[in-house]
Amino acid sequence: MKRFAKTIVKVLVAHADIAKNEFPSHLKEERMACSLMNNIQQLQVQLEKMFESMGCDKLEEDAVNI
């Protein structure tokens, strides 16, 4: 689980960096900017559900902290 958590962190950081870098170029396009923000919010919701389905309270502390 610890390795899986580290992989998820790497993917999320890369995704956040891409969104952060591209977001300013889409500010003039309101629909695109809203879509990017919505995607980020949906990702947060899905990650929380995944964490809960993995048994968040039963995971080792190291994996939870990552």
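Analyst: Contact means that heavy atoms lie within 4.5 Å of each other. The model is predicted, with pLDDT of at least 70 needed for local features and 80 or more for side-chain atom pairs, while totals for chains, interfaces and linings use all residues. Residues are numbered from 1 along each chain as its sequence is written, and side-chain values use heavy atoms, leaving out hydrogens and water.

User: What makes His26 a contact partner of other residues, and which are they?

Analyst: With neighbours within four places in sequence left aside, His26 is in contact with Met32, Ala33 and Leu36. His26 itself sits in the loop between α1 and α2. Helices in this numbering are DSSP runs of H or I with at least four residues, strands are runs of E with at least two, and both are counted from the N terminus.

User: Why is His26 called buried?

Analyst: The relative accessible area of His26 is 15%. Buried means under 20%, exposed over 50%, and partly exposed in between, with a 1.4 Å probe and protein chains only. His26 is therefore buried.

User: How do you know whether Ala33 is buried or exposed?

Analyst: Ala33 has a relative accessible area of 9%, so this residue is buried. Ala33 belongs to helix α2 and, beyond four places in sequence, touches Phe23 and His26.

User: What makes Asn39 partly exposed?

Analyst: Its relative accessibility is 45%, so Asn39 falls in the partly exposed class. Asn39 is also in helix α2. From Asn39 to Ala19 the C-alpha distance is 9.8 Å, at a separation of 20 residues.

User: Why is Phe4 called partly exposed, and what does Phe4 touch?

Analyst: Phe4, in helix α1, has a relative accessible area of 37%, so the label is partly exposed. Not counting residues up to four places away, Phe4 touches Met50 and Met54. His15 is eleven residues from Phe4 in sequence and 17 Å away, C-alpha to C-alpha.

User: What makes the nonpolar surface patch, and where is Val13?

Analyst: Val9, Val13 and Ile66 make a patch of about 210 Å². Patch residues have over 30% relative accessible area and no salt bridge; nonpolar side chains (Val, Leu, Ile, Met, Phe, Trp, Tyr) are joined within 5 Å, like charges within 9 Å. A salt bridge is a Lys or Arg side-chain nitrogen within 4 Å of an Asp or Glu carboxyl oxygen. Areas follow the Shrake-Rupley method with a 1.4 Å probe, and for residues only the protein chains shown count as cover. Val13 lies in helix α1 (residues 2-22) and is partly exposed at 45%.
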